[in-house]
Amino acid sequence: MARPLLAVQKSTTTKMARPVILMQTRGTRTRSWGVIPARLEHQHFNESHPELPDLSTGHKAALKRREKSTVRRTGVIVSKVGMTSIMYGRERTPCTVLQLDQVQVVSLKTADKHGYWAVQMGTGSRAPHNVPRSLLGSYEAKGIAPKRELHEFKVRDETGLLPVGVQLQPDWFKRGQYVDVRGRSRGMGFAGGMKRHGWSGQEASHGNSKNHRTMGSAGPSQGSGSRVHPGKTMPGRMGFEYVTVQSLKVLKVDNKLGVIVVGGCVPGPKGRTLTVQDAKKRKPPSNPHCVKALEQVMRNHPDAAEKLQAARKKHLEMKALRQGGLV
């Protein structure tokens with residue numbers, strides 16, 4: 001049998017020594033030494049390679065992968081008024097009316113501090129005695145009245161941020177563009193399997209007695225074990241889940257009435273709070289409209305930064321007085 005021997009051979013490209021295996025072979029007439037090179041290491045798919053980009057993981061890498069699918073601008077919080085229809089010639093188009101109520105920028109999220117870019121919006125009003133004291137201090141530091149609803153809209157980069165305290169109007173969106181509307185669906189309460197999952201039900205006769213709409217057996221007892229499989233459809237609470245209706249066309253925008261009219265239906269009953277943002281799967285509004293809308297917002301609030309600084313200064317003064325027991 002051949003006896004393997006270990007030896008060290010210096011590589012011509014690097015200064016490090018490379019181990020090789022010397023295998024002694026015996027033939028019928030000759031006896032010689034054969035050199036077998038060291039086995040190459042297996043190249044895993046996630047190993048670094050000079051011809052491939054380095055793979056990265058983590059929160060920042062995930063945000064980088066979703067960068068192109070994240071919209072550039074913030075959205076608004078609206079309230080569903082109801083459905084109606086608009087006539088275009090002889091064509092009747094069903095649509096939904098959405099109401100804006102004091103939609104303001106409450107806070108900003110930055111990548112350096114929070115790891116991502118986002119704009120927190122608030123809508124409506126709320127009595128101060130119904131707001132926690134910690135949240136009241138946050139509103140006081142920004143010079144904003146307490147809001148009824150808060151929602152956070154992620155944006156692609158810092159260009160999508162807005163000054164704190166500015167208010168958005170329906171003309172933030174352009175007539176003819178497409179938007180995504182998200183909100184909770186109508187709650188149905190505790191529903192049976194036939195209503196919740198569309199079961200066909202049991203037989204009406206042939207020995208069936210008062211079990212026409214019941215579920216029957218919950219799981220098998222042989223082969224897969226005497227258990228109920230995960231995900232088995234059963235009766236339970238139905239509705240009141242987050243639903244996103246994508247690519248709805250904006251039909252009308254009215255700043256005087258403070259409404260946005262979108263084609264089609266949106267989730268939830270009348271009065272439901274929804275969010276409206278530029279559509280992800282359609283082309284964003286034109287760049288001139290975005291610039292014009294941003295300039296209009298800044299013209300309506302030219303002293304937003306000064307008001308924010310004054311509110312923060314007053315908040316610190318009031319905080320010192322409260323800590324001293326003077327207020």
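What is the mean pLDDT of the protein, and what share of its residues reach 70 or more?

**Figure 1. Confidence across the predicted model.** The structure shown is a predicted model. Its mean pLDDT is 85, and 83% of residues reach 70 or more.

Figure 2. One stretch covers residues 4–8. Here the model has 14 contacts beyond four places in sequence. Another stretch covers residues 20–31. For residues 20–31 the model has 32 contacts beyond four places in sequence. Where pLDDT is low, the predicted coordinates should not be read in detail.

**Figure 3. The salt bridge between Lys64 and Glu67.** Four salt bridges turn up in a search of the whole structure. One of them joins the side chains of Lys64 and Glu67. The N to O distance is 3.2 Å. Lys64 is exposed, at 58% relative accessible area. Glu67 is partly exposed, at 28%. Side chains of opposite charge can pair when their charged atoms come close.

**Figure 4. The salt bridge between Lys109 and Glu152.** These two side chains meet at 2.8 Å, N to O. The pair links distant parts of the chain. Lys109 sits in strand E6 (residues 104–109), and Glu152 sits in strand E8 (residues 149–154). The two residues are 43 residues apart. Is Lys109 buried or exposed? Lys109 is buried, because its relative accessible area is 17% and the cut-off for buried is under 20%. Glu152 has a relative accessibility of 27%, so Glu152 counts as partly exposed.

**Figure 5. The salt bridge between Glu140 and Arg322.** The side chains of Glu140 and Arg322 form a salt bridge, with 3.1 Å from N to O. Which helices hold the two partners? Glu140 belongs to helix H2 (residues 133–142), and Arg322 to helix H5 (residues 304–323). The pair therefore ties together parts that are 182 residues apart in sequence. Glu140 is partly exposed, with 30% relative accessibility. Arg322 is also partly exposed, with a relative accessible area of 33%.

Note on methods
Residues numbered from 1 in each chain as written. Predicted model: local features only at pLDDT ≥ 70, side-chain atom pairs only at ≥ 80, totals over all residues. Heavy atoms only, no water. pLDDT = per-residue confidence, 0-100. Contact = heavy atoms within 4.5 Å. Buried < 20%, exposed > 50% of the residue type's maximum accessible area, 1.4 Å probe, protein only. Helix = DSSP H or I, 4+ residues; strand = E, 2+ residues; numbered from the N terminus.
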